[in-house]
Amino acid sequence: MVKLAYFDADVVTPEEIFMAAGFTPYRLLGDPTIDHDKVNEHVPPTHCVWAKNILEQAIKGLNPEIKGVITSHGCDCTNREFDIWVESVDINFLFYLNVPLKRDRIAFNFFLNDLKELISQIEDKFKIKIQSEKITEAIKLNNKIRKMLKEISEYRNKMILKGSEFHELVKLTQTEEKEKILNILKKRLMELENKAPFTEEKMKRILLTGSIIDDTEFLVFLEEKGFQVVTDDLCIGSRYFWNIIEEDKNPIEAIAKYHLSKPLYSTKMPSYDRFEFLKFLAEKYKVDGIVNIAMKFCEPMLYDHPYMKKKFKELEIPYIFIEMLYNREQYKQLSTRFEAFAEMI
Ligand code: SF4
């Protein structure tokens with residue numbers, strides 16, 4: 001499998017362009033079990049712990065199947081990290097995709113131009129031609145996958161599918177070949193249709209939000225503490241499949257429009273709008289509480305937290321904010337706080 005990887009603080013990378021170019025899109029994920037012995041000479045001690053973990057892996061050497069990496073404009077930390085990648089990571093092709101902060105007409109045209117530049121650079125580098133029809137084909141395939149993920153996600157709400165199992169599935173979708181994924185999802189959907197709820201006990205129904213959460217073990221830990229993630233607004237979650245791309249329009253314009261109209265992340269403007277989607281999810285899924293997780297030194301989350309706290313208090317929805325390190329030992333240390341929250345809600 002030949003892959004083009006993406007380093008994305010959100011989920012705004014156009015996988016369909018990679019697919020049309022003959023690559024499998026591959027989201028770079030952290031590994032909370034590794035030591036950080038290379039990266040510290042490149043970043044300050046207050047660098048986001050997740051982004052630092054990805055850089056550590058990249059400096060040590062990515063999987064040889066990865067032929068290039070696209071960094072999509074995210075937070076200040078990932079934006080600046082791109083410069084470090086250029087200097088310290090041995091990779092054949094690097095491209096910075098400038099996904100705009102704003103979502104107006106000027107931003108749309110700006111993004112459209114950068115998507116065209118990405119296509120042109122991939123074509124030059126790999127000596128290929130990316131056909132418009134191939135992009136449309138990829139859009140249709142990804143739309144099928146998004147619709148199926150959305151359908152499967154509802155089984156969390158019905159207490160038939162564990163939040164952790166669903167999280168693993170979304171991760172697989174962002175790292176595996178898409179035709180293969182489509183078959184896996186179809187099979188999973190059929191299994192779920194005939195499955196009974198996994199518990200009679202009253203698990204606490206939570207909405208999980210925050211920074212990128214890519215370690216499924218964290219969701220397993222939450223389940224051990226008595227929480228079921230019934231919904232989320234994560235990039236490895238709802239933001240990946242909530243909307244679909246228009247199939248009957250110019251494919252590049254449709255991709256640009258899709259990314260500028262999906263549920264908003266804290267790295268984009270106006271970040272306060274993010275609350276509206278969270279409120280919608282909290283009410284739709286009748287959650288018992290909100291869990292907001294910030295990776296240590298994640299500035300977008302730190303800035304969001306006071307506003308979220310105030311707004312959820314107004315709605316009288318219990319809310320907990322946790323800033324955490326990117327390692328599994330940390331989960332054990334957080335046990336008491338989660339146990340206290342479970343008792344409270
Ligand atoms: S966790 Fe926060 S600081 Fe780290 S990459 Fe994501 S948005 Fe940026």
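This is a predicted model: local features need pLDDT of at least 70, side-chain atom pairs count only at pLDDT 80 or more; totals for chains, interfaces and linings use all residues.
Which residue in strand 3 does Leu-4 stand opposite? Leu-4 stands opposite Gly-68.

Residues are numbered from 1 along each chain as its sequence is written. When I say helix or strand, I mean DSSP runs, numbered from the N terminus: helices are H or I with at least four residues, strands are E with at least two.

Start with the domains. The protein chain is assigned domain 1, covering 3-130, and domain 2, covering 133-344. Those bounds come from an automatic or database domain assignment. Between the C-alpha centres of the two domains there are 22 Å. Their contact takes 36 residues from domain 1 and 38 residues from domain 2. Contact here means that the C-beta atoms of two residues, placed from the backbone, lie within 7 Å.

On the side of domain 1 that touches domain 2, helix 1 (15-20), strand 2 (24-27), helix 2 (49-60) and helix 4 (105-126) each supply at least two residues. Helix 4 gives the largest share, six residues. By class, that side has 22 nonpolar, six polar and eight charged residues. For the classes, Ala, Val, Leu, Ile, Met, Phe, Trp, Tyr, Cys and Pro count as nonpolar, Asp, Glu, Lys and Arg as charged, and the others, Gly among them, as polar.

Now back to strand 1, residues 3-8. Six of its six residues are buried. Buried means 20 or more other C-beta atoms within 10 Å of the residue's own; exposed means 12 or fewer, and partly exposed is in between, again with C-beta atoms placed from the backbone. Both faces of strand 1 are covered, with Lys-3, Ala-5 and Phe-7 on one side and Leu-4, Tyr-6 and Asp-8 on the other.

Strand 1 runs parallel to strand 2, with four bridges joining them. Pairing requires that DSSP finds at least two bridges between two strands. Tyr-6 has Arg-27 as its bridge partner in strand 2. From strand 1 the chain goes through helix 1 to strand 2, a right-handed β-α-β crossover. Right-handed means that, with the strands pointing away from the viewer, the path from the first strand over the helix to the second runs clockwise.

Strand 1 is also parallel to strand 3 (residues 66-72), and six bridges join these two. The opening pair, Leu-4 and Gly-68, belongs here, as does Phe-7, whose bridge partner in strand 3 is Thr-71. Six of the seven residues of strand 3 are buried, so strand 3 is largely enclosed by the rest of the structure. Four bridges join strand 3 to strand 4 (residues 94-97), also in parallel. There, Ile-70 has Phe-95 as its bridge partner. Strand 3, helix 3 and strand 4 form a right-handed β-α-β unit.

Finally, some backbone details. The peptide bond from Met-269 to Pro-270 is cis, with omega near -10 degrees. Pro-270 sits in the loop between helix 10 (251-259) and helix 11 (273-284).

Lys-286 has phi near 45 degrees, a positive value in a residue other than glycine. Lys-286 is in the loop between helix 11 and strand 7 (289-295). Is Lys-286 buried or exposed? Lys-286 is exposed, with 10 other C-beta atoms within 10 Å.

Glu-316 is not a glycine either, and has a positive phi of about 60 degrees. The loop between helix 12 and strand 8 (319-324) holds Glu-316. Glu-316 is exposed, with 7 other C-beta atoms within 10 Å.
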